[in-house]
Amino acid sequence: MSPSIVRREVLCKSILGKTGIRGFDYCINPYTGCSHGCHYCYASFMSRFSNHREKWGYFVDIKINAAYILSKQLKSRKKPGGKVLIGTVTDAYQPDEARYKVTRSILELLADYQMLEVHILTKSALVKRDISILSQLNMCKAGFSITTMNPKIARILEPGASLPQMRISAAKELAKAGIPVWVFISPVLPGITDTEEALSSLLYTLHESGINEIMTDFLNPYSGVVRRLKYIYRRYLPDAVPVLNEYLVNPDIYKESTEYRINRLINRY
Ligand code: SF4
């Protein structure tokens, strides 16, 4: 039996932080931890970083004073502009957001402030709830991370996230409301989501859904991530283990051939 998720309401000292992520100036993470619990998540280092004993995916700290702290930070800013990414080491629309509305309160402030360009990256259909606020932002763009259209594989890899079809429906609703959307195919998982069949299904669905902007990325082979993924591969997807090992030994050759396959399929669709 899986352990249950440990939730804590916490007070943060700062919520708008600088980020080194290319193309962005600031980040906002309304939660510490993420109950989506993706087995390939690079943010799992946050367990250690934030002194949690629980495993990644099994703790969520809810920053209940985030809006208050953000309002103070916005008032004291010397340079008002910039680009902020919401959800760099958490998902701002993980299930607890339905109850706590921390992300929503942050967006309401940013809609009043109007000086920041707001970007969101999520694996949750809950983002639809905030369409009316997202539409009021000065500039807003929403990214949906999708690794596969196969619901069974998605449940194994991303157990707490919305199913891929629900993410696509949410992306379509946002686009219909005039909010630009894009899809992040990341990470491409060796032997699982990198096959011709898996990629065709995903790219065809994106094409049919009118989603034209995509980005792809490969697995970051951090040791903790690899350890967790190897366990999942062996337990649920043993046929794919040799391809994962091949990637880990020789990532450049794997990346080159997979990029070629992805580009060929993008051109087809
Ligand atoms: S949704 Fe994002 S932050 Fe949350 S576990 Fe998955 S990859 Fe990590």
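Helices α8 and α11 are oblique to each other, a word used here for angles that are not under 35 degrees (roughly parallel), over 145 (roughly antiparallel) or 65 to 115 (roughly perpendicular). Helices are DSSP runs of H or I with at least four residues, strands are runs of E with at least two, and both are numbered from the N terminus. This is a predicted model, in which local features need pLDDT of at least 70 and side-chain atom pairs count only at pLDDT 80 or more, while totals for chains, interfaces and linings use all residues. Residues are numbered from 1 along each chain as its sequence is written.

Let's stay with that pair. Helix α8 spans residues 196-208 and α11 spans residues 251-268; they pack at about 40°, with axes 10 Å apart. The axes are lines fitted to C-alpha atoms over the stretch in contact, and angles run from 0 to 180 degrees between N-to-C directions. The crossing of α8 and α11 is right-handed, meaning that the near helix is turned clockwise from the far one by less than a right angle. On the α8 side, E196, L199, S200 and L203 meet R261, I262, L265 and I266 of α11; contact here means C-beta atoms, placed from the backbone, within 7 Å. These residues divide into five nonpolar, one polar and two charged. Ala, Val, Leu, Ile, Met, Phe, Trp, Tyr, Cys and Pro count as nonpolar, Asp, Glu, Lys and Arg as charged, and the others, Gly among them, as polar.

Now for another pair. Helix α2 (residues 66-75) packs against α4 (residues 102-113) at about 25°, with their axes 9 Å apart, so α2 and α4 are roughly parallel. From α2 come A66, A67, L70, S71 and L74, and from α4 come V102, S105, I106, L109 and Y113. This contact has eight nonpolar and two polar residues, and no charged ones.

Next, the ligand. Around it lie C34, H36, G37, C38, C41, A43, T90, D91, K123, E158 and A161, each with its backbone-placed C-beta atom within 6 Å of the ligand. This shell holds five nonpolar, three polar and three charged residues.

H36 of that shell sits in the loop between β4 (31-32) and α1 (45-49). H36 is buried because 21 other C-beta atoms lie within 10 Å; the cut-offs are 20 or more for buried, 12 or fewer for exposed, and partly exposed in between. Beyond its neighbours within four places in sequence, H36 is in contact with D91, Q94, K123, E158, G160 and A161. The C-alpha atoms of H36 and G160 are 3.8 Å apart, though the two are 124 residues apart along the chain.

Note on methods
Two residues are in contact if their C-beta atoms, placed from the backbone, lie within 7 Å.
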